[in-house]
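Welcome, and thanks for taking a look at this one.

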Amino acid sequence: MKRLTLLLFAVLVPIVGYVVGYSSAQQQVERKGSASTVKPEWVMSSHLTELNAKYKLLVTETTYEPGGYTGEHHHVGPGIRFVASGELTFVQEGKTTTYKTGEYFYEAGNITNAAYNRSNSPVRIINFEILPADWKGGSAVPPKSK
C-alpha cells in the first residue's frame with residue numbers, strides 16, 4: 001500500500017504543478033472534425049486518503065471523422081488512451097506513431113502532442129484521465145509555450 005501511495009504521488013505531484021498555470025476555464029485548442037462525450041466521472045474516494053476529493057477519474061469518448069484532428073496541445077492530467085476503432089496518427093516530440101484498433105497508449109499531459117485521423121474511416125478513442133476534482137470542461141489545453 002505504501003508503494004502504491006508513493007507511486008501515485010510521483011505521478012500526481014507533477015500534475016498539480018502543471019495545473020497551477022491554468023485556470024479551470026476552457027481554453028481553446030485547434031480542432032476539426034472531432035467531438036468528445038464525457039462518460040463516467042468519479043471524484044476519488046478510497047484508502048488513499050491523500051487523494052480523496054482532490055482528483056477525479058474521467059472517461060471520455062472522442063470521435064475523429066476522416067481528416068479530423070486535435071492540434072498541438074497538452075492535457076491537464078495524465079491518461080491512458082484506447083483506440084476502440086480506426087487508426088489514429090499521434091505526433092509527440094517529433095515522433096509520429098499510428099495506433100490501431102485495440103491498442104493503448106499513454107499521454108503524460110505535459111508533453112506537446114497532436115492527434116490526426118488520416119484515414120477514410122472514423123476513429124473512436126476512449127480516454128481515461130486523472131484530473132483535479134473541480135476541473136470543468138475538456139482536458140486538452142494549449143501548450144504552455146503558446
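## The fold as a whole

First, a word on origin: this is a predicted model. The protein chain contains one helix and nine strands.

Of the 146 residues in the protein chain, 40% are buried. The chain exposes about 8,200 Å², and 57% of that comes from carbon and sulfur atoms. If you look at contacts with a separation of 6 or more, 75% of them link residues 24 or more positions apart.

## The largest pocket

The largest pocket holds about 500 Å³ of space. Its lining counts 33 residues, and those closest to the centre are R31, S36, T60, T62 and S139. Sorted by class, the lining of this pocket comprises 14 polar, 12 nonpolar and seven charged residues.

Which strands supply at least two residues each to the lining of the largest pocket? They are β1 (31-43), β2 (55-75), β4 (87-92), β6 (104-107) and β8 (123-132). The top contributor is β2, which gives eight residues to the lining.

## E129, a buried charged residue

E129 sits in strand β8. Is E129 buried or exposed? Its relative accessible area is 4%, under the 20% cut-off, so E129 counts as buried.

Two polar contacts involve the side chain of E129. One is with the side chain of S139, at 2.5 Å, and S139 is also among the residues closest to the centre of the largest pocket. The other, at 3.4 Å, is with the side chain of R81. Leaving out neighbours within four places in sequence, E129 is in contact with K56, L57, L58, T60, H75, G77, P78, G79, R81 and S139.

## Two glycines in loops

G86 lies in the loop between β3 (79-85) and β4. Setting aside residues up to four places away in sequence, G86 touches Y99, K100, T101, P122 and V123.

G138 belongs to the loop between β8 and β9 (140-141). With a relative accessible area of 34%, G138 falls between the 20% and 50% cut-offs and is therefore partly exposed. G138 and T37 are 101 residues apart along the chain, and their C-alpha atoms are separated by 9.5 Å.

## Two residues with positive phi

A53 has a phi near 65°, a positive value in a residue that is not glycine. Its place is the loop between β1 and β2. A53 has a relative accessible area of 56%, over the 50% cut-off, so A53 is exposed.

E93 also has a positive phi, of about 50°, although it is not a glycine. Where is E93 placed? E93 is in the loop between β4 and β5 (95-100). Its relative accessibility is 64%, which is over 50%, and E93 therefore counts as exposed.

Methods
Residues numbered from 1 in each chain as written. Predicted model: local features only at pLDDT ≥ 70, side-chain atom pairs only at ≥ 80, totals over all residues. Heavy atoms only, no water. 1 Å grid on protein atoms, 1.4 Å probe; cavity = no way out; pocket = protein on both sides within 12 Å on 5 of 7 lines; lining within 4 Å. Points joined across faces, edges and corners; volume = space filled by probe spheres on them. Helix = DSSP H or I, 4+ residues; strand = E, 2+ residues; numbered from the N terminus. Nonpolar A, V, L, I, M, F, W, Y, C, P; charged D, E, K, R; others polar. Contact = heavy atoms within 4.5 Å. Buried < 20%, exposed > 50% of the residue type's maximum accessible area, 1.4 Å probe, protein only. Areas by Shrake-Rupley, 256 points an atom, 1.4 Å probe, with all protein chains shown as cover. Polar contact = N/O pair within 3.5 Å; in protein donor to acceptor, adjacent residues only side chain to side chain.
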